[in-house]
Amino acid sequence: CMPGRANDIGIGGDGSVWIIGTNICGDGGFGIWKWTGKDWMTFDGAAIKIDVDKSGDPWVVNTYGDIFKRENSSWKMIGGKAKDIGVGSDGSVFIIGTNPGGGGYGVVYVIGMNPRAGGYGIWKRINNNDWQEIGGGAVRIDVDDKGVPWVINSIGEIFKREGDNWKCMPGRANDIGIGGDGSVWIIGTNICGDGGFGIWKWTGKDWMT
């Protein structure tokens, strides 16, 4: 067990670990902390979601949906609004937007998606200054080492982007995390005691608990 408490966690391609703590910081969310190797060091700012890029720079989303990136010891505000953010070790950045997306919210873009399921629009950062919607709807996202997003929709279905379509993967999940080496892990929907839900790893063919 590591010291501290957290609401969210992100790990960069360089191995740096950042968390969203449980200490409230104004109305923007919770405190932002970085692991030093021995303990957590606090930073200015507040957020509710976090991920970290290949250089170890965190990207965060606050309670208003505002997106920020850490640059040169300060936070740079990025255009757009988000519910969640995923950053691949190749540098690609995706967000779950605030616009309704997927089945039950409008057009069904996702192949194999339950028409009643969805979430919010899925967007990719392009040209370092804009977002391009790629279709589908989800509530959680992360990105693998090749820049491929994996998402979870509003009923826990898991999808991986393949070409211009979404491929429905086996299993159900509440959250997803992808390592710099491309390994994919999920928090499942099976309750495991009072600590939460089961933890599973993708083997390439199925989930291993």
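**View 1. Strands β10 and β11 pair side by side in the antiparallel sense.** Here β10 covers residues 93-102 and β11 covers residues 118-126, and six bridges link the two in this predicted model. (Two strands count as paired if DSSP finds at least two bridges between them; strands are DSSP runs of E with at least two residues, numbered from the N terminus.) Look for Phe94, which stands opposite Lys124 in β11.

**View 2. The open sheet around this pair has four strands, in the order β9-β10-β11-β12.** Its pairing is antiparallel. At the edges sit β9 (84-87) and β12 (130-138), each pairing on one side only. From one strand to the next, the twist averages 35° (axes are lines fitted to C-alpha atoms, and angles run from 0 to 180 degrees between N-to-C directions). As a friendly reminder, strands of a sheet pair through backbone hydrogen bonds, either parallel or antiparallel.

**View 3. Another open sheet of four strands runs in the order β13-β14-β15-β16.** Antiparallel pairing is found here too. The edge strands are β13 (140-143) and β16 (165-172), and each of them pairs on one side only. The twist in this sheet averages 25° from one strand to the next.

**View 4. Zooming in, β15 meets β16 in antiparallel pairing.** Strand β15 spans residues 157-162, and six bridges join this strand to β16. Phe159 has Cys168 in β16 as its bridge partner.

**Notes.** Residues are numbered from 1 along each chain as its sequence is written, and side-chain values use heavy atoms, leaving out hydrogens and water. The model is predicted: local features need pLDDT of at least 70, side-chain atom pairs count only at pLDDT 80 or more, and totals for chains, interfaces and linings use all residues.
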